Amino acid sequence: MDFENKTILNNKNITLLQVKNLKVYFYLEEGILKAVDDVSFDIGRKKVLGIVGESGCGKSVTAQSILRIVPHPGRTVEGEILLHQNGNLVDLARLNPSGREIRAIRGKEIAMIFQEPMTSLSPIHTIGNQIMEAVLLHRDISQSEARELTLEMLYKVGISNPHQRIDEYSYQLSGGLRQRAMIAMALSCNPSLLIADEPTTALDVTVQAQILELMKELQREFGMSIIYITHNLGVIAEISDEVLVMYLGKAIEHANIDEIFHNPLHPYTIGLLKSIPKVGKKARTRLEAIKGIVPPPLDLPRGCRFYQRCREAKEGICNVDNPSLIEVTKGHRVSCFLYK
């Protein structure tokens with residue numbers, strides 16, 4: 001076996017999902033909204049990739065594109081989403097969003113926890129029925145076995161008295177319990193990849209910490225990979241192995257967790273880190289903030305997309321061309337003319 005073939009086989013063993021040059025556009029009356037524009041990343045087996053950025057940066061659309069659930073009028077116009085499955089490569093981007101192949105992958109190989117469980121769970125079906133539906137869809141077991149498995153999952157995610165909760169409705173549960181029920185549903189078929197789209201945003205701080213600890217425990221137990229989407233770098237530090245920073249549909253920095261926190265390179269990443277409250281700061285000290293807001297990705301001007309908000313911007317360079325994502329040090333890539 002030659003070296004190139006060995007490399008491919010080894011890569012299959014350690015890589016679960018590869019996203020290459022992904023572009024997802026929304027075709028609106030106002031113009032083409034480039035929600036995700038040429039984004040690439042890999043996620044290894046049993047690893048956690050954190051995707052971070054402000055609202056409107058394309059994080060959730062990236063996750064939706066993996067499961068082929070981008071809402072109309074959005075469309076994946078370019079790129080590959082390669083899932084390493086049983087020794088084969090499946091390009092999810094080429095699958096029919098309503099086809100049998102992707103429906104067999106959703107929930108079984110790749111599961112997702114949505115940001116707001118109250119809008120994701122049915123109010124007219126019990127929690128148990130909704131979890132059992134997912135189990136029966138992907139596993140060849142009986143109704144009674146599915147119920148036992150559901151009870152076991154509710155217990156594993158820390159829901160007290162699961163024999164009672166299994167027959168309750170989503171509106172009878174607190175926010176924390178609803179989120180735990182969503183996690184139980186997502187993990188009921190033992191997926192290889194779990195996508196968590198800001199699963200703790202609507203929860204208070206103590207419940208948020210419990211959910212994060214629960215996800216770490218379950219990841220160790222089930223051996224799954226996780227894509228964790230958030231705008232909170234504190235959460236990223238708690239759970240991730242690698243971090244992908246997105247801005248206005250672009251991947252602008254990608255590195256392991258230590259590099260991002262101890263050696264951030266992109267001015268946007270540096271600004272996000274400076275805006276985190278720190279223990280020991282003097283009272284009434286203002287947090288540093290990134291000026292302006294994320295503009296809508298419609299009819300974008302030439303140049304770097306962070307140009308209008310960047311303190312390091314250089315006129316005649318940053319507003320003329322868009323920087324490529326380059327590797328500055330091993331495993332640390334950044335899209336900025338400061339490092340060209």
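These exercises look at the cavities and one surface patch of a predicted model.

In this predicted model, local features need pLDDT of at least 70, side-chain atom pairs count only at pLDDT 80 or more, and totals for chains, interfaces and linings use all residues. Residues are numbered from 1 along each chain as its sequence is written, and side-chain values use heavy atoms, without hydrogens and water.

**Exercise 1.** State how many cavities of 30 Å³ or more the structure holds.

Solution. Start with the term: a cavity is a set of points, on a 1 Å grid over the protein atoms alone, where a 1.4 Å probe fits but cannot get out. The structure holds two of 30 Å³ or more.

**Exercise 2.** Describe the lining of the largest cavity.

Solution. Lining residues have an atom within 4 Å of a point. Here there are 15. Cys 304, Cys 310, Cys 318, Cys 336 and Phe 337 lie nearest the centre. By class, 11 are nonpolar, two polar and two charged.

**Exercise 3.** Describe the lining of the second largest cavity.

Solution. Its residues include Tyr 247, Lys 250, Cys 304 and Arg 305. By class, five are nonpolar, three polar and two charged.

**Exercise 4.** Which residues form a nonpolar patch on the surface?

Solution. They are Tyr 27, Ile 32 and Val 77. Nonpolar side chains are joined within 5 Å. Together the three have about 220 Å² of accessible area (1.4 Å probe).

Definitions and conventions. On a 1 Å grid over the protein atoms alone, a cavity is a set of points where a 1.4 Å probe fits but cannot get out, and a pocket is an open set with protein on both sides within 12 Å along at least five of seven lines; lining residues have an atom within 4 Å of a point. Grid points are joined across faces, edges and corners, and a volume is the space filled by probe spheres set on the points. Ala, Val, Leu, Ile, Met, Phe, Trp, Tyr, Cys and Pro count as nonpolar, Asp, Glu, Lys and Arg as charged, and the others, Gly among them, as polar. Patches are made of residues with over 30% relative accessible area and no salt bridge: like charges are joined within 9 Å, nonpolar side chains (Val, Leu, Ile, Met, Phe, Trp, Tyr) within 5 Å. A salt bridge is a side-chain nitrogen of Lys or Arg within 4 Å of a carboxyl oxygen of Asp or Glu.
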